[in-house]
Every structure is written in C-alpha cells, then in structure tokens.
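Subject: Structure for you to look at

Hi,

Have a look at it before you read on.

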Amino acid sequence: MRTLLEIRNLSVGIERGKEVIPAVRNVNLDIGSGEIVCLVGGSGSGKTVTSLAVLRLIDYEGGRITGGEILFQEEDIASLAQQEMNGIRGRKIAMVTQDPMTALNPVFTIGNQFVEVIRKHKSVSRSEAWNEAIGLLEKVHIPEPASRMKQYPLELSGGMLQRVAIALALACQPELLIADEPTTALDVTIQAQILNLLLELRAEEGMSILFITHDLAVAAEIADKVAVMHEGSIVEQGTALEIFAFPGHWYTKSLVQSKHDLLTSSASDENRQDDEIILEAEGISKVFPLKSKPFQPKKYVQAVDEVSLYIRKGETLGLVGESGSGKSTLGKLLVSLQEADSGQILYRGKDVTGGTKREKKELRKNTQVVFQDTFSALNPRWKVEEIIGEPLRVHTRLSKGEIRERVEEVLQLVDLDPASRTRYPHEFSGGQRQRINIARAIILHPEFLLLDEAVSALDLAVQSKVIELLKKLQQEMGLSYVFMAHGLDVVRDISHRIGVMYLGRIVEIAPAEELFTKPAHPYTKALLEANPTIDLDHKRKRHVLHGEIPSPVNPPAGCHFHTRCPLATEKCRLEAPAMELLIGERAVACHYPLEKKERVELLR
Amino acid sequence: MLYVLSRFGMAAGVILGSVTLVFIIVNILPGDVATLLAGDDVPTETVNQLREELGLDRPLISQYLDYIAGLFQGDLGTSYANSEPVLDRLLDNLGPTLALTISSMIVAIVLGLILGILSAVYQNKLLDGIIRVLSLIGVSTPNFWIGILLIWIFSVQLHLLPSIGNGSFEQLILPSIGLGITGAGVITRLIRNSILEASNEPFIRSLRGKGIGQRAILFKHILRHALIPAVTMVGMIFGEMLAGSVVTETVFSRQGLGRLIVDAIDQKDIPIIQGAILFTAAFYVVINMLVDISYRYIDPRIRLNEK
C-alpha cells in the first residue's frame with residue numbers, strides 16, 4: 001500500500017496574546033491510500049488541531065505549525081502558501097465536520113453550495129455542476145436528490161444533512177477525507193447508516209479517511225488503524241485489534257477499561273432498596289400545535305402518546321429512543337415543567353396534574369432536574385454558593401450562615417472542594433459544572449431527579465465519574481432517577497429498568513440486562529444493533545435500520561414502527577399493538593415480540 | 001402574501017396611533033390659537049368669531065373625528081397662518097427633505113459598509129483602530145455640530161462648497177454628510193461586529209476546507225449574514241434622520257419638512273404640524289415595512305420558519 005499522508009514530528013501552537021501555547025507535540029502518523037485511520041482521544045487532546053493543521057486551516061484559527069512536516073503525496077504542505085492550499089483543499093483533501101446543521105451556509109440552497117464548490121475546482125458550466133451534484137447526492141443515498149437541491153439546509157434532518165456534507169466533500173473525488181466527529185451529533189441508528197456509507201464510499205472510491213472521534217466503539221467499528229491522542233501527543237498507535245485487545249499505554253488502557261466497565265456492570269443486578277412507588281404516569285399525552293395557515297386544518301405534533309409508567313423509590317428508569325421520540329417532553333411532563341393534555345401524574349399516589357401554585361411549589365421541591373448543557377444551566381454572573389443556595393432561599397427560611405453550611409455540605413457530597421463556593425461557573429471544567437448542577441438539584445433532598453442527557457456532553461472518563469457519583473447519591477439518599485441519554489451503554493450502566501420510546505409511545509420496557517440481552521421489540525433490537533461496540537468479533541455484522549424516524553405530525557397508522565420494521569405485516573399497518581406484559585416486569589407493544597429464534601433470524 | 005397584508009394592517013395602526021397622539025398633544029399644549037392668530041389688541045368678539053370660523057369652539061372629539069374623516073378624503077385641512085391647503089405645503093417641502101434623507105442614507109450606507117468591512121478585515125490592526133475611533137466620534141457627535149463644523153471647514157475656510165440653500169447638487173453635499181455621518185458610524189460598528197461574528201460560524205471553516213478563497217467567503221457568505229442586522233439598523237437610522245432633518249435643515253437653511261415643522265410650531269399652526277407628523281410617520285412606517293419584508297429575501301430561514 002502506498003502512503004498518502006505522512007505526518008512527521010508535527011507540532012502546533014495556539015497563539016494566546018503574545019504567547020504560543022503548544023497544542024500538539026511531535027505527532028507522527030501515516031495514512032496509506034484506501035486506509036481508514038482513527039484519531040481517538042478526549043476533548044482538548046489535540047485531535048481537531050491536528051486535522052486542522054493537515055488542512056492548514058489552523059492558520060485561520062489563531063494557531064500555527066511550529067515544527068515538523070506534513071507530506072501529502074510526497075509534497076510538504078506545511079510550508080505551502082494559502083493560495084496553493086486552496087487548490088488542494090476540497091480537491092485532494094476534503095473535510096466533513098461534526099455538526100451538519102452548522103456546516104452548511106443556512107442562507108443558500110443545497111444546490112448552490114454544490115455548484116460553488118464544483119465550479120471552484122473544475123471548469124464546468126452551472127448546469128453541468130448542478131447535474132453532477134445530483135449524481136453525488138444519489139451516491140450518498142439521498143432520496144429525490146433533484147428536489148433536495150432546491151431546498152435550504154434547515155429543511156433537512158441532521159442525518160440527511162450529514163449525507164449532503166459528505167457528498168459535498170466527495171465533489172472532486174478527494175484522495176483523503178478528514179471526518180471530524182461526523183456522527184457525534186447523530187442518533188445511533190443514523191450513526192450506523194453514516195458509518196456504513198463511509199465504508200461503502202471507501203470501497204468504491206478507494207479514498208483514505210482520517211476519522212476523528214472521542215468514541216472508542218465508533219473507532220472499533222470503522223478503523224483499520226487507531227492512534228490514541230492524549231494531551232497533544234499520540235501515546236499509542238496500531239491496528240484496531242492491537243489497540244482494543246492489547247492496549248499498551250496507561251491512557252489507552254483506562255479508556256478501554258471504562259468502556260468495558262459500562263458493558264459489564266449494570267444497575268439492575270444490584271438490589272433496589274424499596275418497592276414503594278414514587279412517581280407514576282397514567283396514560284399521559286401531550287400535543288404541540290404547529291403554526292398553520294388560515295383556512296387549513298390545524299396540525300399537531302403528538303409528542304407523547306398515552307404513556308404509562310412508574311418509578312420506584314431508589315430506582316433508575318432509563319429512557320432511550322432516537323431524537324424526536326418524545327423522551328424530553330415525557331421527562332418534562334413527569335416533573336410538571338409542562339402540563340399534560342390528558343392522563344394523570346401521581347406523586348406518591350396523589351394526582352398532581354393541574355394543582356395549585358402552592359402544590360406545584362411543593363412538588364418542585366421533591367422533583368428536580370439536571371440538563372445536558374452544563375454551562376447555560378448556570379448563571380454565569382453568580383457565585384457557586386449563590387447558585388447552589390438559591391433553592392434554599394426559595395423554599396426555606398434558613399439564615400445566611402445555615403445556607404452556607406448546607407452549600408458546603410452538598411459540595412462535599414458531589415466531591416467538590418467546599419472552598420470553591422466563592423468561584424464562578426466559568427472557572428470549572430464541564431464535569432465539575434455538572435457536579436454543581438447536581439449539587440443544586442439535591443440540596444433540598446428531593447426524592448426524584450430527572451436527568452435529561454445529563455452526562456451526554458462529557459468526555460468518557462468524566463462521564464463515568466459523574467455516573468459513579470449519581471449511583472453513590474442514589475445509594476445514600478434513596479433518590480429515584482429518570483435517566484435519558486443517546487449513548488445506550490451509559491443508560492444500561494446506570495438504569496434498573498429501561499423504556500424504549502418511538503414516536504411518542506413506549507414500545508418496550510424491561511429490566512436493563514434483559515432488555516439488552518433479549519430485546520422483545522424489533523425496534524429495540526435494531527437500536528441495540530446500531531450501537532457501536534468495541535467487541536471486535538461483532539464488527540460490521542450489524543443490521544442497519546433503514547430510513548429515518550417518520551414525522552410526528554403524520555405518524556404512520558397502526559404500529560408506528562411498521563414503516564421500518566422487517567417483520568411488519570398487514571396487521572401492523574392497521575392495528576396499533578397494545579402494551580402487553582410478557583414476564584415479570586417486561587412489557588412490549590408489538591404484535592410479534594421477538595422471543596422465538598426464527599423471528600430473530602428473520603430480522604437478520 | 002398574508003405576511004405582507006398583516007404588515008400593512010400593522011402599518012395603518014401605527015400611523016393612526018401617531019396621528020391621534022399628535023392631535024392630543026398639540027391640543028393640550030398651553031396657548032390659545034385664536035388669540036395668537038388674531039394678534040394683540042383685538043376685541044374679544046373678533047377672537048371668538050375667529051375661533052368659530054376655525055371650528056375651534058367645538059368639542060375636541062368632534063374636531064378629531066372631522067380631522068380623521070378628512071384624512072380619508074385626502075383633505076389635511078388648511079394652514080392657519082396663510083390659509084393654504086396643508087397638503088400643498090407639505091408636498092412643496094417633501095422633495096427637498098426626501099433628497100436630503102436619501103442622500104444622507106447613501107452616505108451612511110456606503111461609508112458604513114466600506115469602513116465596516118475594512119475594519120473587520122484589518123481586525124486589531126492600525127487601520128481598524130483609526131476606523132473605530134472615527135466611528136465612535138461619528139456616533140457620539142450631535143449632527144448639528146458636525147454640520148456647523150462642515151460649514152466652517154468647507155465653506156468658510158476652503159470656499160469649496162456652498163453652505164446654505166437648496167436646489168443644486170453642491171448644496172446637498174454638506175447637509176447629507178452632516179446628517180449621514182451618525183448613521184455611517186452606527187453601520188460601521190455594526191458591520192464590523194457582525195462580520196467578525198459570522199466569521200466564527202462553523203460553516204466558514206467548512207468553506208475554507210473546500211478550498212473556497214478568502215475573498216469569495218467574505219463577499220458571498222459572511223457579508224450576507226452580516227447584512228441582516230444592518231438592514232434592521234437602516235430602518236431605525238432612517239427614523240433618526242427624519243428627526244435629524246429638523247435640525248440639519250435649520251443649520252443649512254434648507255427648505256423641507258423639518259423646517260416646516262419648526263416654523264409651524266412657532267406659529268402654533270396646528271394643521272401643518274399634524275400633517276407634517278403624519279407624513280413623517282407614514283414615511284418611517286413604510287421604510288420599516290420594506291425592511292421587514294426584505295429580511296425574508298436575505299435570510300430564507302425567516303421565510304421557512306413560518307411554514
């Protein structure tokens with residue numbers, strides 16, 4: 001195999017005022033033609049800086065290459081002028097970024113963005129470029145490409161846009177594709193589709209891919225070769241098998257270990273403290289009206305559709321499902337941040353829907369929320385003690401001294417230094433800020449915590465520490481959680497029971513281990529199979545769920561899932577299956593639950 | 001289409017509201033019109049007679065309703081001062097004011113765009129510093145003072161341009177600069193900031209990654225984003241220019257709506273005041289309506305979000 005890109009002793013510095021802070025040190029990396037190399041590491045490890053240096057985009061972002069060579073087809077591009085780089089970028093080396101929603105200019109149509117790039121690098125007419133673009137969209141399996149060309153980016157879903165972004169990168173048949181976390185912002189099912197697409201394109205076009213990810217499992221799915229970055233250096237590199245089966249460096253070991261820990265331990269093995277039911281929902285529904293034109297029937301989004309569930313004291317109920325499945329809305333209904341349109345929410349057996357202001361306040365005291373974005377959840381102009389102490393000022397009549405005492409106590413409980421109470425949110429890391437959020441949520445000794453993607457924005461290592469903390473608090477305080485995350489492994493790790501949501505309905509609910517080992521709903525099975533794993537034996541055998549989650553404005557009749565289900569029959573198209581208890585605590589809403597082996601085979 | 005219609009409805013509401021407000025204000029101000037018009041040393045009967053002739057003895061509400069009814073027929077009343085129809089006097093003065101505001105607007109937009117772009121491109125360099133100081137001066141200096149300064153430099157010292165009057169193009173230059181310079185400062189600062197902000201959008205990185213050159217990125221992609229807040233600002237600056245024209249027209253001894261209002265207030269010529277305010281409000285509303293409608297063509301997101 002010919003070597004396409006050779007990075008030799010690359011060092012990159014970021015300019016901060018007059019200083020140059022080293023961000024990447026002595027990186028050596030080879031990419032052969034047709035090879036997929038994964039750069040793995042936590043945030044701030046220098047992965048993205050390295051990739052920007054290869055494209056020489058780092059020059060525009062306050063950085064500069066301080067040493068080393070970047071040999072692309074035996075030419076050192078580290079010293080080329082930007083003018084010359086413009087002939088290489090997009091033509092020979094192309095890039096796909098993380099968030100497809102922001103990667104395209106929102107004010108131009110998809111078609112215009114293709115035409116601009118194609119005509120920059122090839123001398124073709126506008127209509128030739130337009131037709132070429134349609135071909136590219138076909139290549140990435142976008143349905144009705146001709147009409148997509150005339151649409152604006154915000155009219156497409158995230159998964160579709162990432163396909164568009166990939167097609168745009170392929171416009172000039174580049175030899176190297178740099179993909180920076182291209183699937184991180186997507187659902188697991190869509191992630192699996194995009195990973196398959198990249199593998200397929202590699203096979204067809206023979207291009208090399210430098211794939212950057214923080215997720216070891218994604219790397220295991222796609223990589224030929226893996227390089228692990230930590231604090232600006234590559235600490236270890238080798239074939240995927242070498243890295244995942246026999247990690248050498250301590251950092252790699254800890255990464256692999258924490259991923260394995262997630263898979264082996266599960267909260268459902270541990271004893272629950274109590275059988276007392278804290279929170280219960282009975283057939284709750286929520287619809288949101290859409291803006292509509294006059295003289296046309298009003299349209300509604302059915303966000304939550306007749307959901308019933310219960311949460312015991314000291315129990316964690318996990319919720320999984322693609323975005324748009326209604327998880328977040330369900331969570332908000334449970335803690336009365338939004339009113340349900342119908343159905344009941346029972347807190348300790350008492351109906352709390354439509355209560356008075358005072359009842360609501362009492363309920364808020366006992367049901368608290370932690371969200372995903374650690375920064376925007378904290379007032380940047382308040383000190384930590386003011387933030388954490390605020391619930392006490394609202395709900396109790398404690399004196400200043402008593403509040404300070406409680407704040408210090410609770411800071412200790414979340415493993416933060418009590419002295420840090422006088423600092424401001426921006427002085428903390430993401431993981432620490434989430435601890436502050438948790439501290440504020442538990443200071444009133446609530447019984448129930450809604451954790452809406454509470455660990456999703458954190459690095460793997462930090463994430464597992466926050467999970468540990470949540471488990472510890474649950475043990476000590478008997479807290480009940482509803483936990484939502486798009487990473488299935490985390491949900492499995494922390495949850496006693498897991499509910500799977502699809503288009504506003506819960507389609508399956510079961511103890512965590514049982515759900516993962518013996519899924520009963522075809523959708524659950526598809527989700528699990530889409531979930532990337534570092535277990536190399538299972539690599540690339542998965543069944544990929546076709547298409548995307550349908551619009552909740554016009555959900556399919558009968559079983560919502562029938563449009564994507566390989567087992568669907570006439571009955572599924574006509575009749576919505578009711579939730580039925582299988583055994584113990586397992587319930588599923590499916591006409592053909594997957595218990596028999598042949599159904600499993602059929603699915604394959 | 002529905003959007004445009006609803007904008008028209010709102011515009012009509014704003015105009016009616018401002019007419020009503022002005023009607024109330026001029027009528028509760030101290031000073032009796034009839035006494036003022038009749039002059040000193042006139043017997044009370046004459047004043048009363050005059051009051052009756054002008055219809056000022058009727059209750060305010062019926063005066064108001066008559067006035068509104070007149071508006072719908074294109075009748076803005078007659079001037080108290082010289083009995084000319086108000087509409088004619090307004091139309092006579094409209095042309096010079098329009099010429100002044102439009103040319104000031106051109107000064108503001110052209111200067112603002114050029115300086116704003118230069119300032120952003122040379123961010124934190126010497127040129128940027130100079131432009132930022134200049135735009136700050138422009139924003140914070142009252143335009144009558146700039147006007148006086150311009151007259152002193154270009155007319156008194158250099159004898160380059162005429163300082164007063166209207167009619168020729170040369171006579172328009174100094175007033176337009178004087179009135180436009182505040183707007184230019186505001187636009188410069190806004191364009192600079194929004195260019196710098198748009199440069200940090202992730203899609204700009206993607207575009208560079210596709211080999212698109214700096215210049216194309218700036219003029220095609222960044223500028224289009226930067227224009228959205230600037231267009232809003234243009235609508236607001238227009239309002240300030242109308243207000244500023246009152247002073248500028250006085251400083252440069254120009255004919256125009258601004259001067260007309262000032263004179264009318266001196267004479268308590270209520271129909272003229274009301275008519276001039278009506279014109280100004282209508283102007284302002286129409287410009288801002290155009291601004292609102294133009295967004296939808298600059299930024300398709302606004303159009304699509306309504307679907």
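How many residues of chain B are in contact with chain A? There are 24 of them, and they touch 27 residues of chain A, where contact means heavy atoms within 4.5 Å.

Before the details, a word on conventions. This is a predicted model, in which local features need pLDDT of at least 70 and side-chain atom pairs count only at pLDDT 80 or more, while totals for chains, interfaces and linings use all residues. Residues are numbered from 1 along each chain as its sequence is written, chains are lettered from A and ligands numbered from 1 in the order in which they are written, and side-chain values use heavy atoms, with hydrogens and water left out.

**Between the chains**

The size of an interface is often given as the accessible area lost when the parts come together. Here chain B and chain A bury about 2500 Å² between them, 61% of it on carbon and sulfur atoms; buried area is the accessible area (1.4 Å probe) that two parts lose on being put together, summed over both. On the chain B side, Arg205(B), Arg208(B) and Lys210(B) lose the most area to chain A, together 27% of what that side buries.

Two salt bridges run between chain B and chain A, a salt bridge being a side-chain nitrogen of Lys or Arg within 4 Å of a carboxyl oxygen of Asp or Glu. One of them joins Lys220(B) to Glu116(A), at 3.8 Å from N to O.

At least two residues each of the side of chain B that touches chain A come from helices H9 (202-209), H10 (214-251) and H13 (300-305) of chain B. Helices (H or I, at least four residues) and strands (E, at least two) are DSSP runs, numbered from the N terminus. H9(B) gives the largest share, seven residues.

**Salt bridges within chain A**

Over all chains, the structure holds 34 salt bridges. Asp30(A) and Arg8(A) form one at 3.0 Å, N to O. This pair links strand E2 (residues 19-32), which holds Asp30(A), with strand E1 (residues 3-16), which holds Arg8(A), 22 residues apart.

In another, the closest N and O atoms of Glu276(A) and Arg348(A) are 2.3 Å apart. Glu276(A) sits in the loop between helix H11 (250-264) and strand E11 (277-289), and Arg348(A) in the loop between strand E14 (342-347) and strand E15 (350-351), so the bridge ties together parts of chain A that are 72 residues apart in sequence. Glu276(A), Lys313(A), Arg348(A) and Glu447(A) are linked in a network of salt bridges.

Arg312(A) and Glu585(A) also pair up, with their closest N and O atoms 2.5 Å apart. Arg312(A) is in strand E12 (residues 300-312) and Glu585(A) in the loop between strand E21 (580-581) and strand E22 (587-588), so parts 273 residues apart in sequence are tied together. Arg312(A) is buried at 10% relative accessibility, whereas Glu585(A) is partly exposed at 22%. Buried means under 20% relative accessible area, exposed over 50% and partly exposed in between (1.4 Å probe, protein chains only).

**Helix H13 of chain A**

Which residues of H13(A) (residues 357-366) are buried? They are Lys360(A), Leu363(A) and Asn366(A). These residues lie on the same side of H13(A) because they cover an arc of only 120° around the axis, taken from the directions from the helix axis to the C-beta atoms. The face turned away from that buried side carries the exposed residues Lys357(A) and Arg358(A). Covering the buried residues are, among others, E14, strand E16 (367-370) and strand E17 (448-452) of chain A.

Best wishes
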